[in-house]
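Have the sequence and the structure open as you read.

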Amino acid sequence: MAIETLVLGAGQEVGKSCVVVNINGKRIMFDCGMHMGVSDHRRYPNFSLISPTGDFDTALSCIIITHLYCINTLFLRFHYFLIIKISHSLILYSYIFFFGIICDSHLDHLGALVYFTEVCGFHGPIYMTVLIYSTVRWVEPNKHCHLNSICTINIPKQGNHHVHSIHSHQLSKTIRIIACIFLYPTKALAPLMLEDYRKVLVERRGEEEQFNSDHIAECMKKVIAVDLRQTIQVDKDLQIRAYYAGHFTLFEYLTLILKVLGAAMFHAKVGDSEMVYTGDYNMTPDRHLGAAQIDRLRLDLLITESTYGTTIRDSKYAREREFLDAVHKCVSAGGKVLIPTFGLGRAQELCILMDDYWERMNLKVPIYFSAGLTKQANVYYKMLINWTSQKIKDSYPTNNAFDFKNVCKYERSVLDTPGPCVLFASPGMISGGLSLEVFKRWAPFENTLVALPGYCLPGTVGHVLMSKPPKIELDPNTKIDVRCQVHQLAFSPHTDSKGIMDLIKFLSPKHVILVHGEKPKMVSLKEKIHSEMGIPCYHPANNETVSVPSTVYVKAQASDAFMERCLKPNFKLHKCSSQELSIKTLTDKNIVPELQVINEKAVFIVEDKSKKLKVVHNDEVLVMLGEKKTED
Amino acid sequence: KGDYYQYLAKFKCGDERKEAADQSMKTYQNNTPESIQPISMQTFTSMMNEILNPSTPKSTVSSIFKTLIHSLLHSPESHHSQILKLIADLSSHHPSLAQLALDSLQSMLPQLTDPPSQLTIEYLDALVNISERPVEVDDSLFTSICLAASFPVRLWMVRNSGCRVMVRPELLYPVLMGMTKEPYPCLREEALEALVRLGECAVFEEVSLVKGCYERGVQLLSDNEDCVRISAVRVVALWGLMLASFNVDTKTYWSNEVFAMLCSVVRDMNMKVRVEVFNGLGKMEIVSKELLMQSLSKRVLVLDQSPTEQFVLLASNVAGALVHGVEDEFFEVRKSVCQSLRTLTVLSVEFAHAALNLLMDVLNDYKVEVRFQALETMHHMAINHCLELQENYMHKFLDVLEDNSSEVRFSARKIVRLMKLRNHLLFKSTMDVLLKNLDSYPQDEADIFSVLSHLGRNHKQFVDLIANEIADEVEASFEGNREFNSARMAALLVLSISAPFLNADVCPIPPVIFSFAATFLSRICCAFSDVMNRDTLLEYLIQKSSSMVQPEVNISNGEGQNPLAKDDVQNVAGNEMIHSEITINNGEGQLPLSKYNVQNVALEMKPPNDVGQHKRPVHDSVVLTYINYILVKLPNIWPKVQSCSANEVLCSLRHWKEELTSLTFDSSAPADASAFALLYLKIIKLVVEVWDHLVRKTEVVSGTVELEDKLEKLDGRAKELMNRFIGFSAEEEISVLELILLTYTLRLCRSEICSRNFIFKRMTIIYLRTESFLKLRSDVASGFVAELGSLIRESSNGGASCSSLAFDNCLKLFSPKRLMIREGIRHRRAELSIPNNCPDYPLPFAPGLTASIPCDITIHNISSNCRAWVRMCINDGFTQHVYLDLQSFEVSGEVRKISYAVPYYRTPELDSFNLKVCIGLESLFENVTPVQAHGGPKCELVLLCEEKIVYLSRVL
């Protein structure tokens, strides 16, 4: 028997993850992504390779999507949505930006799902990780008043004038969507995203509609939620299990905006064959998210991503240290620190870092959070406690790590208050909004520090700032003197080649297949895996099939005598000299009652007349042989 | 059985009780063992109560015990576990019965072993619980249990083997090795744990055994069960180290292997495994530098020189192990990493520097435990001299001093104490941080002061730089010109007064600082508690602050006799004595006194004062004879010294010394003689010790300080011998001079000695003197002296040209002369008493004014042309000398007496202080260097008496 892996997407490339594995007769599709870089038929995986006839229901047992939809995204979306309605000049930019995120980070893994299920016609089960169920429960008691409670989260804490000017019909839409999230996390989030995507494709790009809203809704009905470490019996033979995979994003420049909470690794077992599909994962823990966790399994196959197959990342502690030093130095000199950041993810991490530091150093300088969104993000982190790191879990019962002690709400008066302070303001690239406003005011002072926590897109103030110009021209009428200091915080949270190697070493599978990476990197990683661990490794291109042998256990009957002996340890003891002892320890073996471990010294496999295998003890062999002799 | 029913009767009530009593009676009569009923649940409970009740009479307890033992034999097996539990409880509450219980259980055990079952284990468990020591189990029982079909039985045995159950290691080892292949994970785990225990206590001589176990551990590192992997890591760490220590040649190789093996599991998904790995790494004794460096870098290092084959193989396993540990999500792991760095940093200096970078990052950790551990590690590094904080680290490190966890702050300060700062700026910022700390954490005051005092002591040069600033600030605030911040003042004072501490040379700290510091005495004394107590600190402060009054007050040194002239006089005196020399012809035969006799005599003489004066001559002669008897023996033991049996010699010397000290006299000639002999012996003893050191050069390394100390002592004693005794015969004089020459030679023998020329000069003087003596007596110089003479003549321009080897040769020629002493020897000594002075009745003084110290002085055997001084000093600091005019003394024979009010000029601004007073005589022998430039004695003082402490207190 063999495990056949058909790579439909992400083979020697990045994007449209889609792998179909035929394992002991069961076919599982892992991820169903679409390629965002192209707009023709190559955007979707070539599903016809699964079944030329288009009968996918019989050809596939199930689809497993390794990504949980990111809540952060949704909120970002609101943020911009609101802005759109208020200040017209900002609409376009923010909007584009937002969709860029969605496309690249998520649809990569599930963009083609609706297409596949609805257009191509797959009716089998789809598995996804979801938010923990407690999330739902958290809201459920308030089912009737949740609309109000959500409003109170959303509106009063927003703290700025933008929210108040939302029109009523928009407000109700906002609330409706939020309510969806609370009540049906998986089903609510995915269609929203897909819907957005559809709109973008259709409305903005003017492309032909490939699926409609109804399709999305239909598709979502097929999705079955999987919790972490929950084992699901898909059918009699197939069993799947999700493991926590740490956090990551796909593209470096996106990380400052988004972090995908809790992607999962999936373990699938059919009969005696086992395999793991990792999706994306991270082996290095973060301040607010832990490292991937998985059991040691007896794997035949491991399919792992290899985006950073050749990179080895250094400790980020040193960078954190520099950042803290810079901030501390600035505030102790009475300066103001501006940290332009998006409300979530990265901001959380920096916030934890600084809050700890403030606590330790007994600093009294205020830290302000500009966006109400950040506060909401904290509410969500509180709910998502299972997905966070040990630190946060440790402190959860007493003080939630996201209840920052030293962080207070931003008010406009802060801008002109003299004295040192630290301000987290969005958006992250100083492209507009509060961070730009603050930047305009503070930049001309020498004791101000602007800490850029990540990559800035070209064309944004943040990008210009990195080259430390004396002046920045916003538009022909506005010029800003830049005398402030600039500190750039390099950031890269994706798993590196060391992480991949460590995971492979820990799992020690019999075969490894690399997907989701650039070809040269895959090749070098493949060589490394092969030479260092002696594990055969493959890097198939799209639409190629790799076949690896699978473990099959032969069923055999065991005689009673054998079973009896198996229950006892059967090594014998001699009173002998130490030298003999040492020899004995090397040769000494006892039988393990699992049949596949056959100790030739003690066990014989006999094929009897009925052509059935039988395991007997060597004592019995003599008897049987004797019988045979008499028969003959 | 009668007991049994009797007992039951006690507990059953009513009818039941009666019935039981009847039955008891019956059993007593019939003695039928079969008729016993099983004990009911109720009875168990009541028995339990009785056992736990401390007031239960002993007889009841013992009858309960008998009943239990009895029922154990006769009741069905289902009851046994309860009975056994009761027995165990009983013996823990009544230890007197424990041994009995043990014996009876042990006797029952063999019946139960075949086949081993749960019951056997229960028996063994009870046995183990009762016995305080591990129970020994014989081999057959052990093997039968270990091979038993029942899983819990095996588990129990493995779990307890090696700790509570003793089995021969030779047997235990193969059984455990077999057990590591068990299908049950918990059995594998327990087997590995037992192997760890075994490895800790047993010694294996066979390499293959150890290797086998290590390899088994390595295999199980990839076990599917977390618990097995944890134990496997421990096995690998322990047995791997054992394996490495087998052979010195391959030690590095195997240690590296083990290190890499442990590092390879550092990314295990289980937190406990990772913790265990780092614990294991912390035990490494030796690891090659390359691998250590590799563990700090995730990339495989490219080495400058061609890497060893082993490194190439292991590098990828080791890569970044420690970095991963530090980045770990769980604080337990991070803490464990810091702990392991503690030992690892000691292994290589280069690694220590690199690891410091890592540790500095850890200082940002959010967990107090981790930060604390990191600092402890750095402290450990500092102790081992591998901590070098560069400037960029210093900044971060100083932040830690402000940490809000007191543990962390204390730990950080511990490091500051040991630090040597490179430049002034760092020192200043450290100081500032500490002062700031004082404001924010007033509860740490004592510790901060202590740190400041260390800082000051270690960085005198930097303190000097800011001394004036501090002085200005202190003065300003004391005078009220500035806001008075007492904590800050105290801290600044601590810093400044600690700088000149232990540094004798003059420093720019204004003396007024010291007097300010004195006002904070109680607050700051704890800062110096490691070196001095409160009183000594006070004295130190007084002494330092008093030096603000210029030392002009030195007493006029009288007539200022020319020391050279004095020397001449002395020489003349010596010559005269030579003329009046009476040769004593004393052979061996004249010393028939056995030691026994002498001791008898000594005993008789014990109450010497009661014995009338007329008896003295007799005793004198006896004592003299005895002293001579001892002295005569000296040359005989010399060969032993040369043949390196110093211990023997020292032993007999000590013995003689004891005998000599047992002879006590009042002022009389024999006393002087014995004092001389005692000193002589002391010198010989020191010579022998030093000799021993020099000859056995191997030990010199370890005992350099000790040797230096001894040489110093020897020097002092030699001076004493020369200066405090007069009335030598020529022969005695020569012996003494030779001895002194010997001490110098010994000093010069040490090639590393610093003031060589100076010593050589002094030696030349002594030599010339010896020579003149010899000439006068027209004696032939001994081989030693002659050789020394030729050496000195050869290198007339100073001793530097002479190699220590030449002196070594001289030493070989030395042998002590036979020395006979006569009554003529006089001991110069003085008695000093200050009447009416004790801590409770101090003498009065007014600060700034001269205080008078009334002294009653008696001096013996000192002629009026000697120059005597009273020396007064405040604790190990400033000294004032007052000249004693011997002419003004009241003379009676050789004894002079005077009652003299000694003036003390530099009285400090304090409520009270102590003076150490004593009498000294100018040494006229070796005036090579003038001791003090202004006033005071011209030559070194030889102290004639013990120092007396004078207590003074301010007049109110």
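A:Cys484 counts as buried at 10% relative accessibility; buried here means under 20% relative accessible area, exposed over 50% and partly exposed in between, with a 1.4 Å probe and protein chains only. B:Cys263 is buried too, with a relative accessible area of 3%.

A bit of housekeeping: this is a predicted model, where local features need pLDDT of at least 70, side-chain atom pairs count only at pLDDT 80 or more, and totals for chains, interfaces and linings use all residues. Residues are numbered from 1 along each chain as its sequence is written, chains are lettered from A and ligands numbered from 1 in the order in which they are written, and side-chain values use heavy atoms, leaving out hydrogens and water.

Now for chain B as a whole. Its secondary structure comes to 40 helices and 14 strands, read as DSSP runs numbered from the N terminus (helices are H or I, at least four residues; strands are E, at least two). Of the 956 residues in chain B, 54% are buried. Take the contacts (heavy atoms within 4.5 Å) in chain B between residues at least 6 apart in sequence: 74% of them join residues at least 24 apart. Chain B exposes about 41,300 Å², and carbon and sulfur atoms supply 52% of that; the areas come from the Shrake-Rupley method with a 1.4 Å probe, and for residues only the protein chains shown count as cover.

On to the rings. Over all chains there are 13 aromatic pairs. Rings of Phe, Tyr and Trp (its six-membered ring) pair if their centres lie within 6.5 Å, and planes under 30 degrees apart count as stacked, over 60 as edge-to-face and the rest as tilted. Two of these pairs look like this:

| Pair | Centre to centre | Angle between planes | Type |
|---|---|---|---|
| A:Phe116 and A:Phe122 | 5.5 Å | 20 degrees | stacked |
| B:Tyr214 and B:Trp254 | 6.1 Å | 85 degrees | edge-to-face |

B:Tyr214 sits in helix H12 (residues 207–220) of chain B and B:Trp254 in helix H14 (residues 251–264) of chain B, so the pair ties together parts that are 40 residues apart in sequence. B:Tyr214 is buried at 3% relative accessible area, and B:Trp254 is buried at 16%.

Some rings have a charge over them, meaning NZ of Lys or CZ of Arg within 6 Å of the ring centre and within 35 degrees of the ring normal. B:Arg409 lies over the face of B:Tyr441, 3.4 Å from the ring centre, and the charged end of A:Arg296 sits over A:Phe506, 4.6 Å from its centre.

Which residues have the most contacts inside the largest nonpolar core? They are B:Met378, B:Phe397 and B:Leu452, in a core of 225 residues. Such a core is a set of buried Ala, Val, Leu, Ile, Met, Phe, Trp, Tyr and Cys residues joined through side-chain atoms within 4.5 Å. Helix H13 (residues 226–244) of chain B gives the most to this core, twelve residues.
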